[in-house]
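Welcome! Please take a moment to look at the sequence and the 3D view before reading on.

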Amino acid sequence: MKPYSPYYEFDRKVWAGLRDHTPLPLTDDELQELKGLNDQVSIEEVEEIYLPLTRLLHLYVKASQQLHQMTSSFLHNEAPKVPYIIGIAGSVAVGKSTTARLLQTLLARWDHHRKVDLVTTDGFLYPNAILEKKGIMNKKGFPESYDIKKLLRFIGDVKSGKPEVKAPLYSHLTYDIVEDEQQTIHQPDILIVEGINVLQVNKDAKVFVSDFFDFSIYVDAEEHDIENWYIDRFLLLRRTAFTNRQSYFHPRFGNLTEQESIEASRQIWKEINAKNLHENILPTKRRAQLILTKGADHTIQKIHLRKL
Ligand SMILES: Nc1ncnc2c1ncn2[C@@H]1O[C@H](COP(=O)(O)OP(=O)(O)O)[C@@H](O)[C@H]1O
Ligand SMILES: CC(C)(COP(=O)(O)O)[C@@H](O)C(=O)NCCC(=O)O
């Protein structure tokens, strides 16, 4: 007999079968928009994995909105607008941003929740000047590199229905916080919060980011695949963003050969991101309500959905 698991497990084929219940077909324009998010994501992936997933999330959001209405009618209050918050966690370079943007676009197609905003926790990293002062520039992405109080304040304000809440922004080009720009959130129906740290807990804190989540997803893959994706992304940036003089990496890696770049990125992966994965990210996996496990070609091969 199989040991008890708190998750329902689906392979790709069984999960894809659930798309029969997805009523909304994709229009050509929508397909083009989705392609624009990441031209390597295939239409099969959208139809077989993401459409059933957005259908499930739609049901959860609707149920949560109904629950809020019932509470309001019990209290004889007008129902306040409370955003449904979805957290997306996983390693650096596992594909969180791609998954988050796909979900944002697809979830916004339903009438019950047209307004879907996306925030990444990169914006809550301390600026490089502070990381340098603290001597933790080589710990970017580790729990101590984030202004967690600021992140908790932000997410608490959004959840309590504040009409306008601002989030700081991070630039992968300058490798630093953008000082003079912010993202403004105006009472969305759904807020997606994506970042390596969103399911982390701290024994000294009373409140965690995930306390504000209505649903959480962990994007998972074999470590050597993630390392390869990190190196591929680094090589792509070397051909594109690193050629820009504003890029943090331009003076450091702009003149490296392809082989030297592979070695440099492998080193960063090993010394920073893989270490962070083992110490701080992987331990949060089983806190997620849904785990998406990708194969070497980025396609999702296994889906685990929490029973409770
Ligand atoms: N579903 C996908 N299909 C193909 N490539 C993908 C997919 N998801 C991510 N990638 C690629 O993998 C790399 C890491 O993805 P990204 O979304 O930037 O990860 P993260 O936000 O977790 O750091 C990028 O080069 C991205 O283009
Ligand atoms: C800013 C990040 C922690 C965020 O991770 P991501 O959103 O790319 O998954 C990461 O991209 C990073 O900068 N890590 C530090 C080591 C490095 O330069 O890769």
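What follows is a short walk through this structure, from its overall form to some of its single residues.

This is a predicted model, in which local features need pLDDT of at least 70, side-chain atom pairs count only at pLDDT 80 or more, and totals for chains, interfaces and linings use all residues. Residues are numbered from 1 along each chain as its sequence is written, while chains are lettered from A and ligands numbered from 1 in the order in which they are written.

**The whole protein**

Let's begin with the big picture. The protein has nine helices and nine strands; helices (H or I, at least four residues) and strands (E, at least two) are DSSP runs, numbered from the N terminus. Along the principal axes, its C-alpha atoms fill a box of roughly 60 × 45 × 40 Å. The radius of gyration, taken over C-alpha atoms, can be compared with a globule rule of 2.2 Å times the number of residues to the power 0.38. For 308 residues a compact globule would have a value near 19 Å, and the protein agrees with its 20 Å.

A residue is called buried if 20 or more other C-beta atoms lie within 10 Å of its own, exposed if 12 or fewer, and partly exposed in between, with C-beta atoms placed from the backbone. Buried residues make up 34% of the 308 residues. Two residues are in contact if their C-beta atoms, placed from the backbone, lie within 7 Å. Of the contacts with a separation of 6 or more, 73% join residues 24 or more positions apart.

**A covered strand**

Strand β3 (residues 116–120) has five of its five residues buried. V116, L118 and T120 point one way, D117 and V119 the other way. β3 pairs with strand β6 (residues 190–194) in the parallel sense over five bridges, where pairing takes at least two bridges found by DSSP. In this pair, V116 stands opposite I190 of β6.

**Around the two ligands**

A residue is near a molecule if its C-beta atom, placed from the backbone, lies within 6 Å of it. Which residues come nearest to ligand 1? Of the 15 residues around ligand 1, they are G95, K96, S97, T98 and H298. Ligand 2 has among its surrounding residues V92, A93, K96 and D122, and helix α9 (residues 258–281) gives the most to this shell, with three residues.

In the table, Ala, Val, Leu, Ile, Met, Phe, Trp, Tyr, Cys and Pro count as nonpolar, Asp, Glu, Lys and Arg as charged, and the others, Gly among them, as polar.

| Shell | Residues by class |
|---|---|
| Ligand 1 | five nonpolar, seven polar and three charged residues |
| Ligand 2 | five nonpolar, two polar and three charged residues |

**Some single residues**

An unreviewed UniProt entry carries the annotation "binding site" for G90, S91, V92, A93, V94, G95, K96 and S97; UniProt positions are given in the numbering used here, feature names are shortened, and annotations may be inferred rather than shown by experiment. G90 is in strand β2 (residues 84–90). Is G90 buried or exposed? G90 has 29 other C-beta atoms within 10 Å, so it is buried. S97, found in helix α4 (residues 96–107), is partly exposed because 19 other C-beta atoms lie within 10 Å. Leaving aside neighbours within four places in sequence, S97 is in contact with T120 and E194.

Finally, H298 has a positive phi of about 80 degrees although it is not a glycine. H298 is placed in the loop between β8 (290–294) and β9 (300–306).
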